[in-house]
Amino acid sequence: MLGGGQLGRMFTHAATAMGYRVAVLDPSPSSPAGEIAHLHLQADYEDKQALSKLVKECAVITTEFENVPAEVLEHLQNDCRVYPAAGAVGIAQSRIREKRFAQSLGIPCTAYHPVCSKQDIEQAFKEIGPDLILKTDRFGYDGKGQVVVKNAEQAIQAWKDLGAVECILEKVIDLQTEISSVLARSSTGEISYFEIAENIHRKGILFTSTVPAHVDEATRQLARHHAQKIAEDLNYCGVLATEYFIDRNNDLYFNEMAPRTHNSGHYTIDACYTSQFEQQVRAICGLSLGSAVTHSAVTMVNILGDLWQEGEPRWCDIIDDPHVKLHLYGKQQARPGRKMGHFCVLAPPGEDTLVQAERMYSRLQPKFE
Ligand code: ADP
Ligand code: MG
């Protein structure tokens, strides 16, 4: 596993439950996946010695982190099976590349303009302004590297503040809601789709994912169809996540893709026959895929480091509720915005889980009386 964060940790849980041994490559000494894997290679993603050790020890290499240099994956592909392949990861590393790729398949994206200069910014405002979001083309996550801008002047300043790196200016969508699709595709082309999740973000960070999503069947089908096209065109093997915006006219737009398991798919651990992590294990190890059926209504809530500001969160209500499942990632330091864990509220199909989940979340605050 390239990358040792929580996604790698939950993958390692799933893989070891099925009897596999897992090696994790991650530069950090305190890696959530590294600490539970059979082998933690604490080294940079470009460290030749560590990479050759990985090739020697492993039958297959996968990733939980899309920013492993695509050249490293390409190099590894010469000596080992690598799923997903370097080409797919390379596209997902760049907002511009992934949008161009989606458009080439006829999938609608929000209007956007690549930015490499002041002139690009001025042009973007002429063509798609006035309400735009400036985003770095690469390395952005959880709303990092993004600024809402109202005019070219503001955007130029924001672009400089982001280091004048390659960026994208994107039209702000008047959001009705956001949804995501998580699917798994095996090396033989079998695809298994998890149910579409409805996602609420706060300050650019995923707050809740709910299944079933409150969107009509046609929208659900459309999102699934887009995801299928992407997976098939890439001859993808592994777990693939795609995010979509739905605007006030009920139009659907591709936002971004992730060549890996996804935060909005964490609900599958507790609410599906097979989790997205087990599906990743199955896809990359050449097994047939498990059933992606959801057996409960569910809301997943992210637990961010912000909750530690007044001390350890109050876990008691979550632990005492028999319908709530707590997952903590073993991170030693809580920082605002850092994903420390999540919990899932389960209910019989048809019941509303979001309201319960929000209530539960507010009771985590240490100050709660
Ligand atoms: P990342 O998840 O990589 O940080 P996203 O592009 O998915 O980046 O943006 C994070 C969140 O910010 C989105 O899920 C959405 O809530 C909001 N957002 C981003 N771009 C737009 C946009 N063009 N219009 C409206 N909201 C947006
Ligand atoms: Mg996103």
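Begin by selecting S275, which touches F194, T268 and I269, leaving aside residues up to four places away in sequence; contact means heavy atoms within 4.5 Å. The model is a predicted one, in which local features need pLDDT of at least 70, side-chain atom pairs count only at pLDDT 80 or more, and totals for chains, interfaces and linings use all residues. Residues are numbered from 1 along each chain as its sequence is written, chains are lettered from A and ligands numbered from 1 in the order in which they are written, and side-chain values use heavy atoms, with hydrogens and water left out.

The loop between α9 (267-271) and α10 (276-284) holds S275. Helices here are DSSP runs (H or I, at least four residues), numbered from the N terminus. The relative accessible area of S275 is 11%, so this residue is buried (buried means under 20% relative accessible area, with a 1.4 Å probe and protein chains only).

Next, select M1, in the segment before α1 (6-17). Is M1 buried or exposed? With a relative accessible area of 5%, M1 is buried. Its contacts, not counting residues up to four places away in sequence, include G8, F11, V22, L25 and Q280. T63 is also touched by M1; the two are 62 residues apart in sequence, yet 5.3 Å separates them in space, C-alpha to C-alpha.

Move to helix α5 (residues 95-104), where R95, I96, E98, K99, F101 and A102 are buried. Just after α5, inspect G106, which takes a positive phi of about 80°.

Finally, display helices α6 (residues 118-128) and α7 (residues 152-161), whose axes come within 9 Å and cross at roughly 140°. Axes are lines fitted to C-alpha atoms, for helices over the stretch in contact, and angles run from 0 to 180 degrees between N-to-C directions. The two helices are therefore oblique to each other; angles under 35 degrees count as roughly parallel, over 145 as roughly antiparallel, 65 to 115 as roughly perpendicular and the rest as oblique. To see the contact, select K118, I121, E122 and F125 of α6 together with A152, A155, I156, W159 and K160 of α7.

Methods: Buried means under 20% relative accessible area, exposed over 50%, partly exposed in between (1.4 Å probe, protein chains only).
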